[in-house]
Amino acid sequence: MFTGLIADVGSVTALERAGAGATLRIRTRLAHELSEGDSIAVNGVCLTATDVGEGIFQAQAMSETLSRSSLGGLRAREQVNLELPVRAQDRLGGHVVQGHIDGTGTVRAIREQGFARVLEIEVAPRLERYLVEKGSVAIDGVSLTVSALLEGGFAVSLIPETLRRTNLGGVGEGALVNIEVDILAKHLERLMEARTLEART
């Protein structure tokens with residue numbers, strides 16, 4: 001489990017496709033905290049470190065991961081948000097993030113609003129229903145608050161600290177970003193569906 005608070009912005013050194021999957025090599029100051037088999041979130045996607053070296057780690061992404069996320073489009077020297085799993089004694093500073101991407105969104109507009117930067121993100125209708133104003137959403141692994149609901153998407157406001165500590169400060173219009181909606185909303189929907197089905201039988 002993660003909280004959406006980015007610990008480091010790493011740099012992709014290589015992405016090699018093989019069959020239906022891909023192998024990523026990422027340079028980061030977090031590498032010394034990793035061992036083979038450990039989990040790490042890369043742009044919000046939970047991956048397993050398969051090899052760890054001096055200042056670098058390797059992870060593999062299967063076809064399901066590539067189809068649901070933006071990882072397949074990464075290139076060498078591209079920056080990625082990284083987060084290690086939360087420990088039981090840690091503060092839950094963001095919100096519950098699983099690292100299981102629900103889909104991708106497209107940044108359709110960027111505007112400055114005082115000291116904040118507003119991103120307008122377009123998402124598929126199947127994800128819209130889980131978004132509520134002032135609710136939580138993870139974008140490329142960053143825990144954020146939905147500042148507004150828009151037709152076909154939503155908006156988030158990024159403070160300077162978020163722009164400095166994550167790769168969202170360099171995102172441009174048209175960029176593809178990973179979206180993970182609030183897991184509590186998905187569980188609630190499932191429970192309500194089950195309750196409705198029981199009432200009909």
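**Close-ups: salt bridges and a strand**

**View 1. Glu161, Arg164 and Arg165 are tied together in a network of salt bridges (a Lys or Arg side-chain nitrogen within 4 Å of an Asp or Glu carboxyl oxygen).** This is a predicted model, where local features need pLDDT of at least 70, side-chain atom pairs count only at pLDDT 80 or more, and totals for chains, interfaces and linings use all residues. Residues are numbered from 1 along each chain as its sequence is written, and side-chain values use heavy atoms, leaving out hydrogens and water. Arginine 164 and glutamate 161 meet at 3.1 Å, N to O. Both sit in helix H3 (residues 160-165), 3 residues apart; helices here are DSSP runs of H or I, at least four residues, and strands are E runs of at least two, numbered from the N terminus. Arginine 164 is exposed at 57% relative accessible area, while glutamate 161 is partly exposed at 34% (buried is under 20%, exposed over 50%, partly exposed in between; 1.4 Å probe, protein chains only).

**View 2. Arginine 129 reaches glutamate 189 in a salt bridge, with the closest N and O atoms 2.5 Å apart.** The partners are 60 residues apart: arginine 129 is in the loop between helix H2 (125-128) and strand S9 (136-139), and glutamate 189 is in helix H4 (residues 183-200).

**View 3. Strand S11 (residues 153-158) is mostly covered, with 5 of its 6 residues buried.** S11 runs antiparallel to S8 (residues 116-122), joined by 6 bridges, and antiparallel to S10 (residues 142-150), joined by 4; strands pair if DSSP finds at least two bridges between them. Phenylalanine 154 partners isoleucine 121, and valine 156 partners valine 146.
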